Amino acid sequence: MTVEARLWEALTEVEDPEIPISVVHMGLIVAISYDAGVVDLKLTFTAMGCPAMDFIQDDIRERLLREPDVERVDIEVVWNPVWTRKMIREEARGRMRELGIVA
Amino acid sequence: MKTLVASLADNKAALGRRYAEWAVSAPTLESAVAAAAMAQDELGHSRSTYPVLKGLGVDANEDGFGGDKRLALLDDELPDWNAFIAANLLVDGVLTTFVASCVDSSLEPMAARARKILQEEGSHRAHGEAWARRLCRGEDRDAFVARLRETWEHAGRWLGPDDDAELTAALQTGEVTRDGPAQRELVRAWLVDLLAAEGVAIELPELTWEGWDADRRRWQA
């Protein structure tokens with residue numbers, strides 16, 4: 001497993017604070033790259049006014065820093081591609097429906 | 001483009017604040033919730049736009065909300081619900097039309113944000129249009145039309161005179177893809193058609209340029 005693949009896997013443990021679905025399954029992680037201990041992560045949000053932006057970034061950084069090869073996490077918030085419901089992963093939709101959320 | 005982007009961000013911050021003030025006193029519970037949601041969107045758009053300025057070499061506070069390049073109309077609370085809907089239609093309308101002209105901007109950070117802003121503005125427009133129809137059918141119609149005319153005096157001028165130096169330069173460099181007069185006409189025609197469908201004829205005031213402050217992109221009566 002590559003380091004990047006392991007980082008994606010680790011982020012499935014980080015949930016959106018408003019919905020118990022991971023940031024990966026919500027489609028918020030746009031890209032992850034890794035080089036010499038530094039993670040460059042591109043992140044988007046469902047809305048520009050998302051009140052949980054800081055919490056989500058803190059949770060992502062904290063989780064990735066627990067990985068043995070990671071010394072620093074640089075997060076860039078991007079708005080392209082535009083997040084839509086289509087970016088929610090299929091495996092998360094059943095869980096959302098159970099919660100009464102249209103996905 | 002620097003003044004336009006700064007003023008876009010400052011106006012969105014101010015509009016967010018003005019919307020938020022109605023989140024506890026709108027005429028219906030649904031509209032109070034909508035006012036809160038739209039306020040949150042506007043503050044998010046503002047916060048997300050300030051980093052574009054930083055990329056242009058302007059020392060902008062990324063938390064925003066401190067700039068003064070806002071419409072004079074937004075200096076104080078919107079005085080009544082007619083004024084709220086007029087701002088929803090025309091202030092939001094003019095700013096969104098400008099953002100739409102940035103979707104293919106050569107200023108990449110602005111282009112990257114424009115589509116997301118437009119996605120979120122769709123519901124603002126739907127809210128404004130629905131309330132416009134409702135107000136045109138009720139006893140507040142004349143007062144609403146008066147507020148629209150007042151609001152146009154400010155919002156219509158935001159794009160500047162037809163030969164506005166900032167917008168002309170932005171057009172030449174591909175930072176915007178539609179000129180000011182064309183943007184203004186889009187908003188004017190949309191509003192006139194919206195009201196005409198309800199049997200209301202509105203003649204928006206001709207805009208003159210005494211009292212226009214190009215540095216702050218605002219007009220003071």
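Trainee: In which element of chain B is confidence lowest, and in which is confidence highest?

Mentor: In chain B, confidence is lowest in H2(B), at a mean of 90, and highest in H3(B), at 98. This is a predicted model, and the general idea is as follows. Where pLDDT is low, the predicted coordinates should not be read in detail. Over chain B as a whole, pLDDT averages 93, and 97% of the residues score at least 70.

Trainee: What does chain A average in pLDDT, and where in chain A is confidence lowest?

Mentor: The average for chain A is 91, with 99% of the residues at 70 or above. Helix H3 of chain A, residues 90-98, has the lowest confidence in that chain, at a mean of 84. The highest value in chain A, 97, belongs to strand S2, residues 38-43. For the model, ipTM is 0.75 and pTM is 0.87.

Trainee: Let us turn to helix packing. At what angle do H3(B) and H4(B) pack?

Mentor: The angle is about 150°, and the two axes are 9 Å apart.

Trainee: Which residues in H3(B) meet H4(B)?

Mentor: From H3(B) come Asn82(B), Ile85(B), Asn88(B), Leu89(B), Asp92(B), Thr96(B), Val99(B) and Ala100(B). The residues they meet in H4(B) include Glu121(B), His124(B), His127(B) and Trp131(B). By class, the residues of this contact divide into 10 nonpolar, six polar and two charged.

Trainee: At what angle do the axes of H3(B) and helix H7 of chain B cross?

Mentor: H3(B) covers residues 81-100 and H7(B) residues 180-196; their axes cross at roughly 140° and come within 9 Å. Because of that angle, H3(B) is oblique to H7(B). The crossing is right-handed. Leu89(B), Leu90(B), Gly93(B), Val94(B), Thr97(B) and Phe98(B) in H3(B) meet Gln183(B), Leu186(B), Val187(B) and Leu191(B) in H7(B). Seven residues of this contact are nonpolar, three are polar and none is charged.

Trainee: How do the axes of H3(B) and helix H5 of chain B cross?

Mentor: The axes of H3(B) and H5(B), residues 141-155, cross at roughly 35° and come within 9 Å. H3(B) passes H5(B) in a right-handed crossing. On the H3(B) side, the residues include Ala83(B), Ala86(B), Ala87(B) and Val91(B). On the H5(B) side they include Phe144(B), Arg147(B), Leu148(B) and Trp152(B). The contact divides into 12 nonpolar residues, two polar and one charged.

Trainee: How many residues of chain B are in contact with chain A?

Mentor: There are 13 such residues in chain B, and they contact eight residues of chain A. Two helices of chain B, H2 (29-55) and H4 (108-136), are the elements that give two or more residues to this side. The largest share, seven residues, comes from H4(B). This side of chain B consists of three nonpolar, five polar and five charged residues.

Trainee: Which residues of chain A does UniProt list for a domain?

Mentor: An unreviewed UniProt entry lists residues 5-74 of chain A as "domain: MIP18 family-like". Over those residues, the chain is 27% helix and 23% strand. The end C-alpha atoms of this stretch are 17 Å apart.

Trainee: The backbone remains to be discussed. Is the peptide bond from Asn80(A) to Pro81(A) cis or trans?

Mentor: The bond is cis, and its omega is near 10°. Pro81(A) is found in the loop that runs between strand S3 (72-77) and H3 of chain A.

Trainee: What is the phi of Ala36(A), and where does Ala36(A) lie?

Mentor: Phi of Ala36(A) is near 50°, which is a positive value in a residue other than glycine. Ala36(A) lies in the loop between strand S1 (29-35) and S2 of chain A.

Notes. Residues are numbered from 1 along each chain as its sequence is written. Chains are lettered from A and ligands numbered from 1 in the order in which they are written. This is a predicted model: local features need pLDDT of at least 70, side-chain atom pairs count only at pLDDT 80 or more; totals for chains, interfaces and linings use all residues. Two residues are in contact if their C-beta atoms, placed from the backbone, lie within 7 Å. Helices (H or I, at least four residues) and strands (E, at least two) are DSSP runs, numbered from the N terminus. Ala, Val, Leu, Ile, Met, Phe, Trp, Tyr, Cys and Pro count as nonpolar, Asp, Glu, Lys and Arg as charged, and the others, Gly among them, as polar. UniProt positions are given in the numbering used here, feature names are shortened, and annotations may be inferred rather than shown by experiment. pLDDT is the predictor's confidence in each residue, from 0 to 100. Axes are lines fitted to C-alpha atoms, for helices over the stretch in contact, and angles run from 0 to 180 degrees between N-to-C directions. Angles under 35 degrees count as roughly parallel, over 145 as roughly antiparallel, 65 to 115 as roughly perpendicular and the rest as oblique. A crossing is left-handed if the near helix is turned anticlockwise from the far one by less than a right angle, and right-handed if clockwise.
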